[in-house]
Structures are given as C-alpha cells and as structure tokens.
Amino acid sequence: MNPFLDLGIRHEVVNAITEMGFEKPSPIQEKAIPVLLTGNDDFVGLAQTGTGKTAAFGLPLLELIDFTQKHPQALVLCPTRELCLQIAKDLEKFAKYIDDVHVVAVYGGANISDQLRQIRRGVQIVVATPGRMLDIIGRKAIDFSNVKYVVLDEADEMLNMGFQEDINNILSETPDTKKTWLFSATMPKEVRRIAQNYMTNPQELTVGTKNTGNANIEHHYYVIKARDKYAAFKRIVDYYPEIFGIVFCRTKIETQEIAEALVKDGYNADSLHGDLSQQQRDKVMKRYRDRSLQLLIATDVAARGIDVNDVTHVINFSLPDEVENYTHRSGRTARAGKTGVSLSLINVKELGKIRRIEKIIGKQFEKKQVPQAGEVVEKQLLAMTDKIRNAEINEERIAPYLPSIMESMQDLSKEDIITRFASLEFNRFLDYYQNAPDLNVDARESDRGERGDRGERGERRSRAASNGYTRLFINLGSVDEFSRGDMLGLICDAANISGKSVGKIDMKGVFTFFEVQDAEVNKVFEGFQGTEYNGRAVRVEVSGDESHSGGRSRGGDGGGRRRSGGGDRDRKGGSFRGDRRSSGGFGGGERSGRRQSSSSRSRY
Ligand code: AMP
C-alpha cells in the first residue's frame, strides 16, 4: 500500500502527489502528518527548507478543510512572494483531484484587485505574505472568523524580516480556537516567544537534531587572502564544471560587482538583489530555474524563498553578518533528499565565525585547499571528455557530412584526434592556468617564510636593482612588434607614470625586462592588472633568478572561462585591452585579465 495512504491521506491526493514523484513521505512528513491530521493540536516543526514541509502541512490541511464551504478556513503566512506563490501552487497540485478547492496567493508587488476578486469569489486557503495580508484586512475585504488553522511558515525568516508586529495583528483577526502550526529552520528566542504567546502545549517536532542543518549538506571552508578571493572563487568554480550554484554576498554592490566580473570572464552568472524591480527579479529567477544561468549571485534578503531544486553548491563569498543566516543560505542546497555543498571563502580572522556556525549547525566544517591549477585543468579535461562521450548524436542529420569529415581525418590516428580535440578546447585554458599561483593562505605564508618572511612587497624589493630601480619582467617583446619606444609608451600609459621613472628597457623575443623606480613599482603592477594584449593576459613580475614564468604574477587568476574578443586600444595592429577599474570592490580586485567583449556565452 502507498505509505501516504497509510498515513491517512485520501486517494485523490495520493494520486496527485504520485504524479509529482512523491513515492514515500519525507521524514518531516512522516512525523508531522499523523499529528496534524488530528486537527487538535498546536504544532512546532523545526525543519529546513527543502525537506518537504509544504506537503507536511498541506496534505493534512486538505483532509481537514470542508471544501463545500467557500470561506477561508486556513491561512498560511510566509516571508516572501516567491515562497507564497510556490506554496499556493503546491497546494493546488496536491488538490488536483479534489473538487471545489480554492487557494489564493496574496503577496505584495502585484495587482491587489486581482487578489481581492479571487477572495470575493470564495477561497478556503489563503497563502499570504504579512504586509499584503494586513493591507487586505485593513480594507475589510476578508473574513477570518471561520479560520481553523494558521500556518506560520519559515517563522524565523518572517521575524528576521521584521514582520513580528504584522503577524501579531493578523493573528488577532483569527479566532482563539484556531490551531497554529509553526515551521522554522532555526529556533531563536523570538520564535520561541511566538510559540509561547500564541500556542497551547504545542506538539514539537524536530527533523534531525535541533537547529542542525540538513545532514546531506557538506560544509567546507577555504582560507584565502582577501585580495585572492575572487581568483580563488573562480578557481573553485572551474574545479566543479557542473556547478549549479547560489553565491551569497553581503551587499548589493558586492553581488553586482561579482556578477559583472564573472560575466566578463565568460561565466554564466547574474545577480539578484533588492534594487531590482519585481519584473527583473522574476526574469533572473526564471533564467536560473531554467538553468540558463549557472551561478546566481544574491544577497541574503533577495535569496529568501528561493526554492530551486538541484542546487549543487552554496558559495558564501562573504560569510553572513548574522551567523544564524548561514543555515538559511546553506538550506538552498540539498533539497528534497539530494546532497549539496556549502562552501565559505574566509580570511584567517574569520575562523572564529566558522567555529560559531559549527556550534549552531551542530556539524563540523571541513577545511579545503583551493585546487591547484593542474587539478582544475584535469577536472575540466575530464568533464569535457565526458561531454564528448555522452554527446547526443543525430545520425540522420550528421550523416551527409560524415564522409568528407572522415576523409579529411583519415591520416590521423585515434590518439592524434583525441589529442587535437583536447588541445583545441583547452589550449587557452591550459595557457591561463599555466603558472597560476597557489592561492591557499598557508601555502603562500610558508612560501614567504622560506624566503625570509618578507611578504610580497619585501620580496619585490629584495630583487630591486641597487640604484633605486626595480627590474621587472613583462611577457611582451619584440615578437609583438614593439620597439623600445612603444614599450616605454605602453608602460607609462598603463601605469600612468612619467617616462623618467622608467630605466633601462631590455627587449627580448617574447618578453622584456625593464627598470622602474621603486616608488612607482606598485603603479606598474596595478596598471597592468587585468589587461591583455592580442587576447593574451599581460603578466608583469619582478625579474628574479628563477624562471620568469614561474614567478608571482600580479595579472590575476583570470579563470579559465575565456572568450575571444577585441580590445580597447590598437597598437601596431595588436590590441591592448586595459582594465582601469579600481582594484577596490572585492578584495584587491585580482580580476581576470581576460576581459573580453564577445557576446558569446561559451565558457572558454
Ligand atoms: P519543500 O520543503 O516543501 O519546499 O519541498 C522541497 C521539494 O521536495 C519540492 O520540490 C517538493 O515537491 C519535493 N518533495 C516534497 N515531499 C516529497 C516527497 N515525499 N517525495 C519526493 N519529493 C518531495
């Protein structure tokens, strides 16, 4: 027998949820449904989003409501418009085979007259966000005197968003005899107070341990220097080619900056924050749901109520100010019994915050290393070979072209073809990751330690020419058709320094050594940061004894997802693309040197 029938759910509903793919109850459903079906008790359920709590309260409601009556009998309050719509939609789907079920979604930012019209026509279940609900109550457009059940969904979120007073006012419109069912991912004292004030001996249920995050979520952290954060972030993203993630930032500006930089670097990303109109938000969410977007960059507030399944990673680009918010963020992954990873990019000082979060979620974080360049390249290559292996083949349409293709390839062995294929896709990627530095803090510290703990600045100085000049290396040379004068012009232009600050210029084939006054060295690094010449990232380093390609580049870890495109400025037929944005924003701005203007959405 279907386990939902066992729990006391009627056939019609079981048929509908079977069509939705519900085979057996989730843990919260298994525990809550029998309690709620009695209709006799107040109830507190501690459960994360994505655990199936909508059905945990929705299925019992469908059993308890008298659908021959057309007045409101149940009120579901939730924090966001998205969640409100989702709950209403789910309830309608559960009730697909029951006659005369009327559910209305009442939320702000939409035409109120449509909502009022639906209410006038007669509804049994009202799903609402608090603000709009109060508005409608204020207009005396709804009668809650027959409400038997009130559900407070994501109660902690509603309180976080400042709906406490609205909730009090709404609840005071409902009869004292009603039963209140409260669901919350966390149980801060404010939520506890609601339970105390509005409920009598509520039945309390916890899925997992109290306040514990979903057991299917792994929690990782990476310790990174602030200035390496963006580079490390991209490297991690590159390491997970199939990532479908939500990236959390602390501010709107940060979300926008990161989304912009990512798009320029060839990633499939967009931002979601409070400054967008509802229409813009809907558009972004639709693209994310459709998977046209791979990375959604969001603030905590904007991401509330996001109910997209299959999110593989939640990335805390910045940890939340309130550690409690971490649970909400990480709850966006590992929904509906799936697994997921919540990873945080932190600096050494934030370790304490990680320990506090561990206490809240009752789970330990795993410290991870930012993948090394070689590991990323290998991962990407394997993902590509998987793609080739699983490519869909349209036999009929490709058939006419095959003979000539076969002919043109006939002198190549299988190994030749595979090598060429991989190289074709990956040359630029390999180029980019060649010499990319280790971004882990400990690695960088010990690296420095071995060199006498001088730090980057000291290191640079240590190799300075003794005459007050530092000898630098740049990966452009005579093969790029530069004369010494051209090179001087380029350096002065890029660094915004006078020609007097530049000493000897020693042009080689593919690179050049040049001297710059010590005081101007940083300007040169900053000036060339994120620039490219003829589609090649420009790299400037302090010239040392070791191989030039092995030194520390300040050009940035530009992400492997590059596109081809033009440049800002022409020089001898080559194009130089400068990035003069301030390096502020997100931690030193080691953004990609691969700024390109192509509108192609391909990642490489
Ligand atoms: P919720 O926590 O209610 O937002 O549910 C999260 C997701 O899990 C939704 O997509 C539901 O459709 C799905 N879901 C809920 N209960 C079950 C179940 N028993 N079996 C399979 N999927 C479920």
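**Ground rules.** I note that this is a predicted model, in which local features need pLDDT of at least 70 and side-chain atom pairs count only at pLDDT 80 or more, while totals for chains, interfaces and linings use all residues. Residues are numbered from 1 along each chain as its sequence is written, and side-chain values use heavy atoms, with hydrogens and water left out.

**Whole chain.** I counted 24 helices and 22 strands in the protein chain, taking helices (H or I, at least four residues) and strands (E, at least two) as DSSP runs numbered from the N terminus. Of the 604 residues, 52% count as buried, where buried means under 20% relative accessible area, exposed over 50%, and partly exposed in between (1.4 Å probe, protein chains only). The chain exposes about 27300 Å², of which carbon and sulfur atoms supply 47%; the areas come from the Shrake-Rupley method with a 1.4 Å probe, and for residues only the protein chains shown count as cover.

**The seven-stranded sheet.** I traced an open sheet of 7 strands in the order β3-β4-β2-β5-β6-β1-β7, with parallel pairing, two strands being paired if DSSP finds at least two bridges between them. Its edge strands are β3 (103-106) and β7 (203-206), each of which pairs on one side only. Neighbouring strands are turned by 15° against each other on average, direction ignored; axes here are lines fitted to C-alpha atoms, for helices over the stretch in contact, and angles run from 0 to 180 degrees between N-to-C directions. Inside the sheet, β1 (residues 43-46) and β6 (residues 179-184) run parallel and are joined by 4 bridges, with Gly-45 standing opposite Phe-183 in β6. Helix α3 (residues 27-37) packs on this sheet, touching β1, β6 and β7, and its direction makes about 170° with that of β7. Helix α4 (residues 53-64) also packs on the sheet, touching β2 (74-77), β4 (125-128), β5 (149-152) and β6, at about 165° to the direction of β6.

**Strand β8.** I then checked β8 (residues 217-223), which is mostly covered, with 6 of its 7 residues buried. It runs parallel to β13 (residues 340-346), to which 7 bridges join it, and Tyr-222 has Leu-345 as its bridge partner there. β8 also pairs in the parallel sense with β14 (residues 366-367) over 2 bridges, where Tyr-221 is partnered by Lys-367.

How many residues of α11 are buried? I found 10 of its 11, among them Lys-229, Ala-232 and Ile-236. The structure holds 12 aromatic pairs, meaning rings of Phe, Tyr and Trp (its six-membered ring) with centres within 6.5 Å, where planes under 30 degrees apart count as stacked, over 60 as edge-to-face and the rest as tilted. The rings of Tyr-230 and Phe-233 are 6.3 Å apart at their centres with planes at 40°, so the pair is tilted. Tyr-230 and Phe-233 are 3 residues apart in helix α11 (residues 229-239), and therefore separated by about one helical turn. Tyr-239 and Tyr-240 form an edge-to-face pair, 5.3 Å centre to centre with 80° between the planes. Elsewhere, ring pairs link Phe-4, Phe-22 and Phe-94 into a cluster.

**Charges over rings.** Lys-229 lies over the face of Phe-317, at 5.0 Å from the ring centre, and the charged end of Lys-379 sits over the ring of Tyr-239, 3.9 Å from its centre. I applied the criterion that NZ of Lys or CZ of Arg be within 6 Å of the ring centre and within 35 degrees of the ring normal.

Key:
Contact means heavy atoms within 4.5 Å.
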